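Hi,

Here is the structure I said I would pass on.

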Amino acid sequence: MTRFRLVLSSILVFALVAVVAVHAKRGAASEPSAAVPSRSFEFTYQVHVPANADSAGPTHIWIPLPQADGYQDIRGLRIDSPVSYVEGRDPQYSNAFAAFSPTMQQSVAGFDVVLRFTAVRREHKVALDAAALQNVSASAPRDPNLQRYLEPDKLVPLNGTIAELAKEHTAGDTTPIQKARHIYDYVVATMRYDKTGEGWGRGDAVWACTSKRGNCSDFHSLFIGMMRSSGIPARFEIGFPLPDGKTEGDIGGYHCWAEFYLAGIGWVPVDASEAWKNPAKRDFFFGAHDTNRVFFTYGRDIRLSPDQKGDPLNYFIYPYAETNGQPVKNLQTHFSFRDVAAAQLSASH
């Protein structure tokens, strides 16, 4: 009887140890994700389409929708409007949008669209230490999904001045990461964040490298052009900034950033314009995006759908509309946010 109790006690102890070990393992696995900085917020995107008494044909309106990925959760997306809509994606980048086709009476009267959602944005940071970089391949990528990110955009040529700058500032470099860092350092050191006068904000890489100033689209058009000229895939991303140190308020306009691709690591985040504004975070923004942003769309030269008759969009973050195939210029927008506690966000969903 004593031996039976001893065996039974041993079994119970073993089972208890196993349970503790399993829970410890689960805790260890979840600990890194719990430690990643995040920001939870509500976002409102408002569009007013003014009355058009001279509407002489069909009107189409496209509004970009926020995208979920490994660093951003989108919840409770809601679109309020008297005009019916369908959701779709552009054929090249698969950006999501809502497409509205108002009746003649709705166009003549004018109408509003309000897009609301809640989001959790997590810091995107990629390890670029020596151990991680051992997995990086020096060969050109063969993935066909990356080919578009090695090609020029209308305002981002890969020859002439851009190619010469890339060659000059990567001379002697033997690895993609060396080239990427030297291009990033050149852009941050040479460009100036300056939105005075005209010419800025179009993401014209040649204008940017000649004027040596501009906003985030100009910084990143130059960075992307030099990267692609060096044989490194790079892509453009756009959304809105969330003010650091504020918990709610209006947002004046868009913010954009970039990523480049390293075989063996994947997409590496970069924010050259934020690095210029925050010199102390220059190293951080080579390999990281902070939580103070919300992502909407990829790419440049975007054609949304067969209904779009005008030129491809330079980038897609604001609403775009056409009447009888001609762009509508007088759309009115307003953007705002409000931080919410993560616990409150979880409870509401």
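What follows is a short tour of the sheets, a pair of helices and the pockets.

One thing to keep in mind from the start: this is a predicted model.

**The sheets**

Let's begin with the open sheet of five strands that runs β3-β6-β1-β16-β9, with antiparallel pairing. Its edge strands are β3 (72-80) and β9, each of which pairs on one side only. If you ignore direction, neighbouring strands here are turned by 20° against each other on average. Inside that order you'll find β1 (residues 38-49) beside β16 (residues 332-339), an antiparallel pair held over eight bridges.

Arg89 has Ala96 of β5 as its bridge partner. Six residues lie between the strands of this hairpin, and Ser94 takes a positive phi near 65° there.

**Two packed helices**

Next, turn to α4 (residues 160-169) and α7 (residues 216-229). Their axes are 8 Å apart and the helices pack at an angle of about 70°. Angles of 65 to 115 degrees count as roughly perpendicular, so that is the word for how α4 lies to α7.

Which residues of the two helices make the contact? From α4 they are Ile162, Ala163, Leu165, Ala166 and His169, and from α7 they are Leu222, Gly225, Met226 and Ser229. Sorted by class, the contact of α4 with α7 has six nonpolar residues, three polar ones and no charged ones.

The largest pocket holds about 680 Å³ of space. It is lined by 19 residues, and the closest to its centre are Leu313, Asn314, Tyr315, Tyr320 and Lys329. In that lining, eleven residues are nonpolar, three are polar and five are charged.

The second largest pocket comes to about 450 Å³. Its lining has 24 residues, with Pro241, Leu242, His255, Glu274 and Lys277 the closest to the centre. Which elements give two or more residues to this lining? They are β9 (248-251) and α8 (272-277). By class, the lining of the second largest pocket divides into ten nonpolar, six polar and eight charged residues.

Cheers

Conventions
Residues are numbered from 1 along each chain as its sequence is written. This is a predicted model: local features need pLDDT of at least 70, side-chain atom pairs count only at pLDDT 80 or more; totals for chains, interfaces and linings use all residues. Side-chain values use heavy atoms; hydrogens and water are left out. Two strands pair if DSSP finds at least two bridges between them. Helices (H or I, at least four residues) and strands (E, at least two) are DSSP runs, numbered from the N terminus. On a 1 Å grid over the protein atoms alone, a cavity is a set of points where a 1.4 Å probe fits but cannot get out, and a pocket is an open set with protein on both sides within 12 Å along at least five of seven lines; lining residues have an atom within 4 Å of a point. Grid points are joined across faces, edges and corners, and a volume is the space filled by probe spheres set on the points. Ala, Val, Leu, Ile, Met, Phe, Trp, Tyr, Cys and Pro count as nonpolar, Asp, Glu, Lys and Arg as charged, and the others, Gly among them, as polar. Axes are lines fitted to C-alpha atoms, for helices over the stretch in contact, and angles run from 0 to 180 degrees between N-to-C directions. Angles under 35 degrees count as roughly parallel, over 145 as roughly antiparallel, 65 to 115 as roughly perpendicular and the rest as oblique. Contact means heavy atoms within 4.5 Å.
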